[in-house]
Amino acid sequence: MKDGWSVKKLVEVCEINYGTRVVQKKDGGTIYPVYGGGGATFKMDIYNREDCLVVSRFAMSSQCVRYVRGKFFLNDSGLTVKTDNVCLSQEYLDKCILSLNDKIYSLGKGVAQKNLDMKEFRNLNIHYPISLPEQSRIVEELDLLSNIIEKKRQQLSELDNLAQSIFYDMFGDPVTNEKGWEVKKIKDFANVKIGPFGSLLHNSDYISGGTPLVNPIHMKNEYIYAEKNFTISYEKLKELSSYLLQTDDIIMARRGDIGRCAIVRKEDDGFVCGTGSLFIRLNDLCISLYLLKVIRTATMIEYLVSKAKGATMLNINCKIVEDLPIPLPPLNLQQLFA
């Protein structure tokens, strides 16, 4: 450890506060959004939190830590963490917990629904410089980097909009298929495989510097950005060999953010499909970039959402994806688009 730094268990330096159970029918209002472990749901006329970090406790998704600005009501599926140590600033603590998102997600237990293991969460290590000015300097630097990243994301979004515009010009809307392309189901030209059940992975399987496990949080702007601290051991890799990804596979979120997907690049070859994902392996009737853009169109995402299951969190399964109707223009036209 660096000189002048300290490491403490989360429970040693923080106060953990749960939200309060509420239901829309009884408690609903019109002013303040209600948050839990995910995005805002309904609204209420009272609030119990303001400008703070929320950690998912029940029905965890891959994005289980988020900062919520303004006044809001936190229900019982989320929690907040407040420093109670004079040597640890709240701003620095928030950055630490945000950086631990993947680790916290790995602490979820359960198959149908992942719930946070509170004992493991309380025992997470928090590393921090003892000097408060040094903590402030680190926070300022991270904020600066976050602003740069956000600007780059905006540029990528504009480029993505351009690509989608070219796609519509060439192929039309994939759901209405006004250009009359031949339509096939994905199962007619690809194999679909869902990621391993959560019960196959345990905390001891995660190591530093192992093979990356790809979950929806790692799919950004149609590419994979694997986290180095979310990797599995070589022994577990052998057990999960049937979930290995190959170049040009398409990996998709199967719960939560329906329609989020990415192409497996050459440098991602050999990564492992995560529990919150599924992947599509194509034959020679369709190229990956074309299918990715089809899935990412607004109308196809709406179609997927209409077929998804679940009330608290939407889920798609292999059959839904296998039966997805896809217009298939001639291969040379798909390649021209690519």
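Helices and strands are DSSP runs, a helix having at least four residues and a strand at least two, and they are numbered from the N terminus. In this predicted model, Asn-332 has its place in one such run, helix H11, which covers residues 331-337. Asn-332 is exposed, with a relative accessible area of 55%, since the cut-off for an exposed residue is over 50%. Along the chain, Asn-332 and Ile-287 are 45 residues apart, and their C-alpha atoms are separated by 10.0 Å.

H9 spans residues 298-307, and its buried residues are Met-300, Ile-301 and Leu-304. Seen down the axis of H9, these buried residues fall within an arc of 100 degrees, so they line one face of the helix. The face turned away from this buried side carries the exposed residues Glu-302 and Ser-306. What lies over the buried residues of H9? The cover includes strand S18 (250-253), helix H8 (288-296), helix H10 (318-322) and strand S22 (325-327).

Leaving aside residues up to four places away in sequence, Ile-280 touches Ile-186, Ala-190, Asn-191, Val-192, Asp-249, Ile-250, Met-252, Leu-291, Ile-295 and Val-321.

Side chains of opposite charge can pair when their charged atoms come close. Asp-249 forms a salt bridge with Arg-281, with 2.7 Å between the closest N and O atoms. This pair links distant parts of the chain, 32 residues apart: Asp-249 is in the loop between helix H7 (234-239) and S18, while Arg-281 is in strand S21. Asp-249 is buried at a relative accessible area of 2%, whereas Arg-281 is partly exposed at 25%.

How many salt bridges does the model contain? The count comes to 13. In another of them, the side chains of Glu-222 and Arg-296 meet at 3.7 Å, N to O. Here too the pair links distant parts of the chain, with Glu-222 in the loop between strand S15 (219-220) and strand S16 (223-224), and Arg-296 in helix H8, 74 residues apart. Glu-222 is buried, with a relative accessible area of 11%, while Arg-296 counts as partly exposed at 29%. A further salt bridge joins Asp-323 to Lys-319, the closest N and O atoms being 2.8 Å apart, and Lys-319 counts as exposed at 54% relative accessibility. Salt bridges also link Glu-134, Arg-137 and Glu-141 in a network.

The surface has nonpolar parts as well. Leu-142, Leu-144, Leu-145, Ile-148 and Ile-149 make a nonpolar patch of about 430 Å². Leu-142 is found in helix H6, residues 132-171, and is partly exposed, with a relative accessible area of 35%.

Turning to strand S1 (residues 5-9), Lys-8 lies within this strand. Lys-8 is partly exposed, with a relative accessible area of 33%. Apart from residues up to four places away in sequence, Lys-8 touches Val-13, Leu-124, Asn-125, Ile-126 and Tyr-128. Lys-8 and Leu-100 are 92 residues apart in sequence, and 15 Å separates them in space, C-alpha to C-alpha.

Finally, the backbone deserves a glance. Most residues other than glycine have a negative phi. Asp-51 has its place in strand S5, residues 49-56, and is partly exposed at a relative accessible area of 39%. Ala-59 likewise has a positive phi, near 50 degrees. Ala-59 lies in the loop between S5 and strand S6 (65-74), and is buried with a relative accessible area of 19%, because buried means under 20%.

Terms used. Residues numbered from 1 in each chain as written. Predicted model: local features only at pLDDT ≥ 70, side-chain atom pairs only at ≥ 80, totals over all residues. Heavy atoms only, no water. Buried < 20%, exposed > 50% of the residue type's maximum accessible area, 1.4 Å probe, protein only. Arc of directions from axis to C-beta. Contact = heavy atoms within 4.5 Å. Patch = residues over 30% accessible without salt bridge, like charges linked within 9 Å, V, L, I, M, F, W, Y side chains within 5 Å. Areas by Shrake-Rupley, 256 points an atom, 1.4 Å probe, with all protein chains shown as cover. Salt bridge = Lys/Arg side-chain N within 4 Å of Asp/Glu carboxyl O.
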